[in-house]
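Colleague: Hello! I would like to learn how to read a protein structure, one feature at a time. Could you take me through this one?

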Amino acid sequence: MNSVTPAPDRRVLETPDGRYIVVRGRLWRRARPDLPADVRDRLVHGLMDARRAVKAGRKGDDAAAVAGARAAVDRAKRGLGERGPVWWTDGAPDLNRRLARNTPYADWYAGQDETA
């Protein structure tokens with residue numbers, strides 16, 4: 001659920017520090033905000049292409065194609081900053097994929113109306 005563009009009638013719940021979005025109560029690391037738009041767009045398009053390739057490989061029962069496509073997904077996500085080393089510099093830990101209620105964001109999250 002990274003690099004998410006919400007449907008017109010939905011909003012993305014973002015943590016106050018902008019590091020994560022919250023989807024079904026779980027934190028997902030956001031893309032690096034300092035990426036130039038053209039780089040971000042290229043990486044997002046590559047990510048979507050790779051996700052489609054995973055689907056096609058699975059449909060065709062082609063394990064090698066799936067593995068290659070998953071590696072491409074990982075490269076794109078690392079380039080976006082959604083995986084790998086964190087993009088912030090204040091030493092805060094990575095809470096990616098954790099339930100918001102079990103993190104330092106718990107009090108903030110308890111007061112939200114999550115619609116994303």
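Colleague: How many aromatic pairs does a search of the whole structure find?

Modeller: Welcome! Please keep in mind that this is a predicted model. The search of the whole structure turns up five aromatic pairs.

Colleague: How should I read such a pair?

Modeller: Two things describe a pair of aromatic rings: the distance of the centres and the angle of the planes. Take Trp87 and Trp88: the ring centres are 5.1 Å apart and the planes stand at 85 degrees, so this pair is edge-to-face. Both Trp87 and Trp88 are buried.

Colleague: Why is the pair of Trp108 and Tyr109 called tilted?

Modeller: The planes of Trp108 and Tyr109 are at 45 degrees, with the ring centres 6.4 Å apart, so the pair counts as tilted.

Colleague: Which residues form the aromatic cluster?

Modeller: One cluster is formed by Tyr20, Trp87, Trp88, Tyr105, Trp108 and Tyr109.

Colleague: Is Tyr109 buried or exposed?

Modeller: Tyr109 has a relative accessible area of 18%. Buried means under 20%, so Tyr109 is buried.

Colleague: Now the strands, please. In what order do the three strands of the open sheet come?

Modeller: A general idea to begin with: strands of a sheet pair through backbone hydrogen bonds, either parallel or antiparallel. Here the order is S1-S2-S3, and the pairing is antiparallel. S1 and strand S3 (26–29) are the edge strands, each pairing on one side only.

Colleague: Over how many bridges do S2 and S3 pair?

Modeller: Four bridges join S2 and S3 in the antiparallel sense. You can trace some of the partners: Tyr20 has Arg29 in S3 as its bridge partner, and Ile21 stands opposite Trp28 in S3. In the hairpin of S2 and S3, two residues lie between the strands, and Arg24 takes a positive phi near 50 degrees.

Colleague: Where is the place of Thr15?

Modeller: Look in the loop between strand S1 (13–14) and strand S2 (20–23). Thr15 is buried, with a relative accessible area of 2%.

Colleague: What does the side chain of Thr15 reach, and which residues does Thr15 touch, not counting those up to four places away in sequence?

Modeller: The Thr15 side chain reaches the backbone nitrogen of Arg19 at 3.4 Å. Leaving out residues up to four places away in sequence, Thr15 touches Tyr20, Val22, Leu27, Tyr105 and Trp108.

Technical notes: Residues are numbered from 1 along each chain as its sequence is written. This is a predicted model: local features need pLDDT of at least 70, side-chain atom pairs count only at pLDDT 80 or more; totals for chains, interfaces and linings use all residues. Side-chain values use heavy atoms; hydrogens and water are left out. Buried means under 20% relative accessible area, exposed over 50%, partly exposed in between (1.4 Å probe, protein chains only). A polar contact is a pair of N or O atoms within 3.5 Å; within protein, one must be able to donate a hydrogen and the other to accept it, and residues adjacent in sequence count only if both atoms are side-chain atoms. Contact means heavy atoms within 4.5 Å. Two strands pair if DSSP finds at least two bridges between them. Rings of Phe, Tyr and Trp (its six-membered ring) pair if their centres lie within 6.5 Å; planes under 30 degrees apart count as stacked, over 60 as edge-to-face and the rest as tilted.
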